[in-house]
Amino acid sequence: MTSAADPTPVTDAAPRVGVVMGSRSDFETMGGALDVLRDLGVPYEVRVLSAHRTPALLPTYGARAERLGLACIIAGAGGAAHLPGMLAAFTRVPVLGVPVQSRALSGQDSLLSIVQMPAGVPVATFAIGAAGAKNAALFAAAMLATTDGAVRARLDAFRAAQTQSVLDDPHFDGHPQAGGA
């Protein structure tokens, strides 16, 4: 597994998912997306791009994403969180926005900045923080699974294991929806 300190991709294969973030400090949140992609065997690349500090790199990265054939870009950003929307403006590759929790407003500012895109420039938006990063990676894998049988099999196995962990919980039997009580 990777960690926030080790963003090394799972394989040397061409990346299928781009993972970008506004600053190196966002690795703490975005590490969950890298873990999921690695566990599912989805090749990815990682970049730090800033909508405010490196704006000239955004059109270049957007064009590169298309040229590489990336299926999607997971973009994490905090504060004003312009990165996902700006990338979406520069590419046809779907952008999955992850609001990074901020100190000022606990990520509410990031969430609203990402989710309130004008009509015509869509960004799929996920929950604030680590859960959103993991779900964005699972969503990316689901997108790939529509055409990649190996990813589909690994995603199905992940989901089956997730279900089994609930069924194996010793408190599950008494749950009213389980028909026990």
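Before anything else, my cut-offs for accessibility: buried is under 20% relative accessible area, exposed is over 50%, and partly exposed is in between, with a 1.4 Å probe and protein chains only. This is a predicted model, so I take local features at pLDDT of at least 70 and side-chain atom pairs only at pLDDT 80 or more, while totals for chains, interfaces and linings use all residues. Residues are numbered from 1 along each chain as its sequence is written, and side-chain values use heavy atoms, without hydrogens and water.

**Aromatic pair**

I searched the whole structure and got one aromatic pair. Rings of Phe, Tyr and Trp (its six-membered ring) pair if their centres lie within 6.5 Å; planes under 30 degrees apart are stacked, over 60 edge-to-face, and the rest tilted. Here Phe-126 and Phe-139 have ring centres 5.6 Å apart and planes at 65 degrees, so I logged them as edge-to-face. Phe-126 sits in the loop between strand S5 (124–125) and helix H5 (130–145), with Phe-139 in helix H5, so the pair ties together parts 13 residues apart in sequence. Helices (H or I, at least four residues) and strands (E, at least two) are DSSP runs, numbered from the N terminus.

**Phe-158**

I found Phe-158 in helix H6 (residues 149–167). Its relative accessibility is 31%, so I put Phe-158 down as partly exposed. Leaving out residues up to four places away in sequence, Phe-158 touches Leu-40 and Leu-138; contact means heavy atoms within 4.5 Å. From Phe-158 to Asp-39 is 119 residues in sequence, but 9.0 Å in space, C-alpha to C-alpha.

**Helix H4**

In H4 (residues 108–115) I noted Asp-109, Ser-110 and Ile-114 as buried. They span an arc of only 125 degrees around the axis, so they are on the same side of H4; the arc is taken from the directions from the helix axis to the C-beta atoms. What do the buried residues of H4 pack against? I get strand S3 (72–78), helix H3 (83–90), strand S4 (95–100) and S5.

**Lining of the largest pocket**

Helix H1 (27–39) and S3 each give at least two residues to this lining. By type, I have six nonpolar, 12 polar and three charged residues there. My classes: Ala, Val, Leu, Ile, Met, Phe, Trp, Tyr, Cys and Pro are nonpolar, Asp, Glu, Lys and Arg charged, and the others, Gly among them, polar.
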